[in-house]
Amino acid sequence: MKNLKLVAARPDSSRSVIDVMGVKFGKDFVVIAGPCSVETERQTIETAIAVKKAGANMLRGGAFKPRTSPYAFQGLGLKGLKFLDKAKRETGLPIVTEVVDTRDVSWVGEYADVLQIGARNMQNFSLLREAGKSGKPILLKRGMYSTLEEWLNCAEYILAEGNPNVILCERGIRTFETYTRNTLDLSMIPAVLKESHLPILVDPSHGTGILSMIEPMSLAAMIAGADGLEIEVHIDPPSALSDKDQQLTVAQFEKLMRKLEKTRIFCANLKAMDETMDGDTTANDGKSSGRRDSAEGKESVERERELNPFIDAVD
Ligand code: PEP
Ligand code: MN
């Protein structure tokens, strides 16, 4: 791809690792979970405690909500950021929250550990530049009408300002299909892994908008080689002030996390299989499914032999 000076894949195929308070995007599989919107102190803190207990690595929650209707709940602003800060102090979870206005980048950045730029603002070039100047880790979601090349060029804007800490997030695009809220484009995982060194996450919540699809798309994203997930979880989804139909309950999230743990072992075994069959740790350019944890994969083969129906395929 033309003009990608800073974002393009490196000749040696090495990947960026972005460390946010010990959470390593691009190295470990990172799960960001939490409500669509920050609504109350209790909702924020209870959700944070629950997702942390289930194994999430970061807390998400919008205090500034870009909504289709100007009359819909727009978020609590500063009050919401203070609730997130309290939840962080209670749980130790770093905070991911969206910024929608160039004027807010610096002060929202005082509360956020990762600033999210949402799909609707992906090509807001002033916001991208400001995000670049902030030096904060930026979670850049794919615009709903954007090509890979446009998306990577938006990341380039941030890096060009001297900020290398960009994490990409596929969240679905508009297509002719209306059954789902968006068409979640999982093919962007291997595409980003081929074209860029930046970490790539998947948001199956906005990507499908359908509760029953979140688990299968999350597992598929992990198998396809994603660096993590961003998932909406609410302590009482029917009462949510935004996106109530796509937010997982805590119990659903716990179940998903347990399945992801099993899938992680499966991926490690796939990686071990690459090494055995190809005799090469960089099979598929080192960018294919389950590229992490190969040593762990070998150990886990024994540990999981009786539990995992896929193990035999490794031998
Ligand atoms: C969100 O994650 O809160 C959000 C609004 O997502 P998107 O920008 O992908 O629609
Ligand atoms: Mn939402």
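In the predicted model, ligand 1 is surrounded by R60, K65, E98, Q116, G118, A119, R120, K141, R171 and H206, each having a heavy atom within 4 Å of the ligand. Residues are numbered from 1 along each chain as its sequence is written, with chains lettered from A and ligands numbered from 1 in the order in which they are written. Local features need pLDDT of at least 70, side-chain atom pairs count only at pLDDT 80 or more, and totals for chains, interfaces and linings use all residues, while side-chain values use heavy atoms, with hydrogens and water left out.

The distance is 2.6 Å for R171, 2.8 Å for R120 and 2.9 Å for Q116. Of the 290 Å² of accessible area that ligand 1 has on its own, the protein covers 97% (Shrake-Rupley method, 1.4 Å probe).

The manganese ion (ligand 2) is coordinated at 2.0 to 2.3 Å by C36 (SG), H206 (NE2), E232 (OE) and D243 (OD); donors are N, O and S atoms within 2.8 Å of the metal, or 3.2 Å for Na, K and Ca. Along the chain, the spacing of these donors is C-x169-H-x25-E-x10-D. Because C36 lies in the loop between β3 (30-34) and α1 (41-54), and E232 in strand β10 (residues 228-232), the pair ties together parts that are 196 residues apart in sequence (DSSP runs: helices H or I of at least four residues, strands E of at least two). Both C36 and E232 are buried, with relative accessible area under 20% (1.4 Å probe, protein chains only).

Notes: Buried means under 20% relative accessible area, exposed over 50%, partly exposed in between (1.4 Å probe, protein chains only). A polar contact is a pair of N or O atoms within 3.5 Å; within protein, one must be able to donate a hydrogen and the other to accept it, and residues adjacent in sequence count only if both atoms are side-chain atoms.
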